[in-house]
Amino acid sequence: MKMTGAQILLTMLKQEGVKTIFGFPGGVVLDIYDEIFKSDIRHVLVRHEQGAVHAADGYARASGKVGVCLVTSGPGATNTVTGIATAYMDSIPLVVFTGQVPTQLIGNDAFQEVDIVGITRPCTKHNYLVKDTRDLARTVREAFHIARSGRPGPVLVDIPKNVANGTVEFDPDQNGSKIQIRSYNPTYEPNVRQLKKVVKMIRNARRPVMFGGGGIILSGAAQEFTKLARRTKIPVTASLMGLGGFPGTDPLWLGMPGMHGTYRANMSLGDCDLLIGVGVRFDDRVTGKTDTFCAKAKIVHIDIDPTSIRKNVGVAVPVVGDCKLSLKLLNEMLDNEDFSDIVTQHRPWLDQVGEWKNTQPLAYEQGDDKIKPQFVVDKLFELTDGKAIITTEVGQNQMWAAQYYHFDQPNHFISSGGLGTMGFGLPAAIGAQIAFPDKLVVDVAGDGSIQMNIQEMATAVQHCLPVKVAILNNGFLGMVRQWQQLFYDRRYSCTCMECAPDFAKLAEAFGAVGLRATKPSEVEPVLREAISTPRPVIMDFVVEQEENVYPMVPAGKNITEMLLT
Amino acid sequence: MDDSKRHILTLLVDNEPGVLSRVAGLFSGRGFNIESLCVAPTMDAAVSRITVTTKANPPVIEQIEKQLNKLINVIKVRDLSIEHAVKREMALIRVKASTQTRAEVLRIVDIFRCKVVDVGAEQYTIEVTGDQGKIEALLRLLKPIGIKEIARTGTVALYRDPK
C-alpha cells in the first residue's frame, strides 16, 4: 500500500517495540509529528533537545531497551550533540532521529540546516542520511540493529522533510528478514581455549581480584558475575559504570577503584596477582598511571569490543566476547573444578583486604551545625533501603553518590561516566521514571549541575513524573574548587557561584514541590517528606562549602598513592 | 627508542558517501597520522578500496587496525607491509628545463624509463610510475635542476598471489 515516509517511520518504530519517544518538534518534522498525533505512541515533550537525549539515555540505562529521540533540524539537531556524545562514551543504545531540510536544499545553507551527519560522525556508533523514502524502512531497522548489538551505541538518522512526506509503495509485513550488514559482525561467542586459560589462572592465583564495568550491566551479566565471584571467593571491584553489577553490601565487595575509589579497592589492585576485567575499558579514571597499574598482576580482559583490549594496559589473556555468555561458559567450566580448598588458598588475601577496609574506611564527620554532603547520601541510602534508582549529575555529587550509596542490583545507578556531562541527571531521572513509573527515582545533584537542565522540571511536572532531586548545595562548582584548593593554592578562579536561585521557590515556580534543609537534623525529615510525596520534588540541602572527596589519586600518580585527607 | 615503521593499510569499504570522511576522521580524531591516501571503486561497484600509508609503532598500528575494523562501513583491513605485495605510486613532476638543463632532464627521464607528457618553453612535465624508492630517487636527481610543482598519488598496493 502507499505510505508516506512519516507513516513508514511510525510503523517501523512500532515493529521495533518502541512505546515511548522523547522529543521536541520543529518545522521540518511537522509531518512526522502529525503522524505521532494520530498514533498511540507516547511522546514525551521536553524543554531542550539535550534533555530529550539524556532522557532517552536514562530510559535505556534503566530498562535495557533502545532509547529513541526525535528532534528537528538545525539547532534542534545540534542541541543533541552533547547527549549523543554522552551516550557514545558510555556505550548506550539510542536511536536519534533528526529532521533535515529537503534533499534539494541540502548544502545550500538553507534555513535551520546543519550537516548533523558530519558533526556527529565522531560521536555516534554510526549515522545515516536518508535520501530516498524507499530507503527509510531498511535504514530504521539497521539503525536499531546497530544501536543494540555488539558494543551498543547511539545511532543518528537524518530524515529530510521531503523524505518524510514522500509517498512510496510499502508492505509493512515483508520486513521480517534478518538484518545482514556484511561489514559488521560482532563476536559474541568467546574462544573456549582462552577461557580454559582463565580457569587455570583462577586455580593458581593467590591474590585475585575481579573487576566489572559497564559491559556487565549492558550484557545483563550481573548474575553470572556474582556467581563466579562468590564460588571462587574472589574480592570484587567495579568501575563507576559497573556499580550494581555485584551487590555493594556483599562482604567480597571492595568498593569502586580509581581516582576517587576506596582505599581497599586501590590497594587490592596494587597488590593483586590476577586481575579479571569483565566489560571494562581500563579508563584513565581507574588506572591512574598506566605503566604501573596492577604492577604485580597478570590481567585477563573479557570484552565484546576488541579495540578496548590492549588499548591502555597490557593483557595476558584477552577474550573477545559477550560478557554474559563468556561468564556463563566460565561458570560451566568451573562446575567441573573442586573449589573446596579455595577458601584456604585465599584466606591470607581476604584477611589483608579486610585489614585495608578497617584501616581506611570511607569516612566523614557529621557535626550538629553544618550538613555534610556525604551524610545526605548516607541518609538517602538508609531511607530508600538501597533500592532507589539513583541518577547523578557530575562532580563531587557524583562521586559521593557512588561512594556512599551501595547498589545491590544492576541498572540502578545512572551516571555520565565517560563524558562526565553536567546536567545529565535530571533528564536521565525523567527517562528512568518513564521506564519504571512505580519506582523511586532520585537525582543526586550539585547546585552547578542542576542549573544546566533545570528547565526539564517542567517536563517532569507536565508528565506527572515524581522524580526527586537532591541538591548538595555548596555554592561552588565543587570538584573544580577541590582541585583549585589542592593544586592551585586555593585560587578559586571562577568556581564560586555568587548568585544562586532559591531552588525550593524554583521548584514551586515549575509546579513541583520545593523543600530545604539547612541543619543536619532537618535532613531526614526532608528526605522522608520528599519520598512520600507523589509529585516531583526538589530538595535543597545547604551543605558544608569546602568539603572534599577523598580518597583522591592526583593526576599522574599510581592509584595506591592516594590522598586520604 | 622510536620503533615506528611505515605501514601500508589496504581497506575494502562500502562505496557510499561519507565513508572516506569516516576513515579520515578516525585517523585525525585519534591522532593517527596519514602520510598518503588513495581511494577508488573496485570491480564491485558497491565496494571501494582505500590505501592508506601511516607511520606507527606496534601498539598504535594494532589500535589503528582494530578501530578501522570497528567502523560499520569497513569490510576488511589488511596490513600490506607485512605481506608480500606489489606497491606502486605515480607522480607528475613539473621540472625546469632551460636550454642548458634540457638535455640532462631528458637523459634522466630515459634512465628512469618514465615519460615526458607536457612540454613548455621553460619546463617539462614528467610522468613516473614505480615503487616509492624509484620516485624518491628521481626526485633527488631532479631537485638540483629545479622542481616547480609535483602531484603524487600516494601508494597503491595489492598483495601478491601466495605461491
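In chain A, Gln50(A), Val53(A), His54(A) and Asp57(A) of helix H3(A) meet Thr82(A), Gly83(A), Ile84(A), Thr86(A) and Ala87(A) of helix H5(A). Two residues are in contact when their C-beta atoms, placed from the backbone, lie within 7 Å. Helices (H or I, at least four residues) and strands (E, at least two) are DSSP runs, numbered from the N terminus. The residues of this contact divide into three nonpolar, five polar and one charged. Here Ala, Val, Leu, Ile, Met, Phe, Trp, Tyr, Cys and Pro count as nonpolar, Asp, Glu, Lys and Arg as charged, and the others, Gly among them, as polar.

The model is predicted: local features need pLDDT of at least 70, side-chain atom pairs count only at pLDDT 80 or more, and totals for chains, interfaces and linings use all residues. Residues are numbered from 1 along each chain as its sequence is written, while chains are lettered from A and ligands numbered from 1 in the order in which they are written.

The axes of H3(A) and H5(A) are 7 Å apart, and the two helices pack at an angle of about 25°. H3(A) is therefore roughly parallel to H5(A). Axes are lines fitted to C-alpha atoms, for helices over the stretch in contact, and angles run from 0 to 180 degrees between N-to-C directions. Angles under 35 degrees count as roughly parallel, over 145 as roughly antiparallel, 65 to 115 as roughly perpendicular and the rest as oblique.

H5(A) spans residues 81-89, and eight of its nine residues are buried, so the helix is largely enclosed by the rest of the structure. A residue is buried if 20 or more other C-beta atoms lie within 10 Å of its own, exposed if 12 or fewer, and partly exposed in between. The buried residues of H5(A) are Val81(A), Thr82(A), Gly83(A), Ile84(A), Ala85(A), Thr86(A), Ala87(A) and Met89(A). They pack against several elements of chain A, including helix H4 (75-78), strand E5 (94-100) and strand E7 (154-160). After H5(A) comes Ser91(A), with a positive phi near 55°.

Five strands lie in the order E10-E9-E11-E12-E13, with parallel pairing. Strands pair if DSSP finds at least two bridges between them. The edge strands are E10 (236-238) and E13 (317-320), and each pairs on one side only. Neighbouring strands are turned by 15° against each other on average, direction ignored.

Within this sheet, strand E11(A) (residues 274-278) is mostly covered, with five of its five residues buried. In a regular strand the side chains alternate between the two faces of the sheet. Leu274(A), Ile276(A) and Val278(A) point one way from E11(A), whereas Leu275(A) and Gly277(A) point the other way. Strand E9(A) (208-212) and E11(A) pair in the parallel sense over five bridges. Pro208(A) stands opposite Leu274(A), and Met210(A) has Ile276(A) as its bridge partner. Strand E12(A) (298-303) also runs parallel to E11(A), joined by five bridges. There, Val300(A) is the bridge partner of Ile276(A).

In soluble globular proteins, nonpolar side chains tend to be buried together. The largest nonpolar core has 191 residues, and Cys69(A), Val95(A), Leu275(A) and Ala470(A) have the most contacts inside it. Such a core is a set of buried Ala, Val, Leu, Ile, Met, Phe, Trp, Tyr and Cys residues joined through C-beta atoms within 7 Å. Cys69(A) touches residues that include Ile21(A), Phe22(A), Val53(A), Leu94(A) and Phe97(A).

Backbone exceptions also occur in chain A. Cys294(A) is not a glycine, yet its phi is positive, near 45°. This residue lies in the loop between helix H13 (284-287) and E12. Cys294(A) counts as buried, with 26 C-beta neighbours inside 10 Å. Asn411(A) has a positive phi of about 60°. Asn411(A) sits in the loop between helix H17 (396-404) and strand E15 (413-414), and is buried with 21 other C-beta atoms within 10 Å. The peptide bond from Tyr550(A) to Pro551(A) is cis, with omega near -5°. Pro551(A) falls in the segment after strand E19 (537-542).

Chain B contains four helices and nine strands. Buried residues make up 25% of its 163 residues.

Methods
Lists of a residue's contacts leave out its neighbours within four places in sequence.
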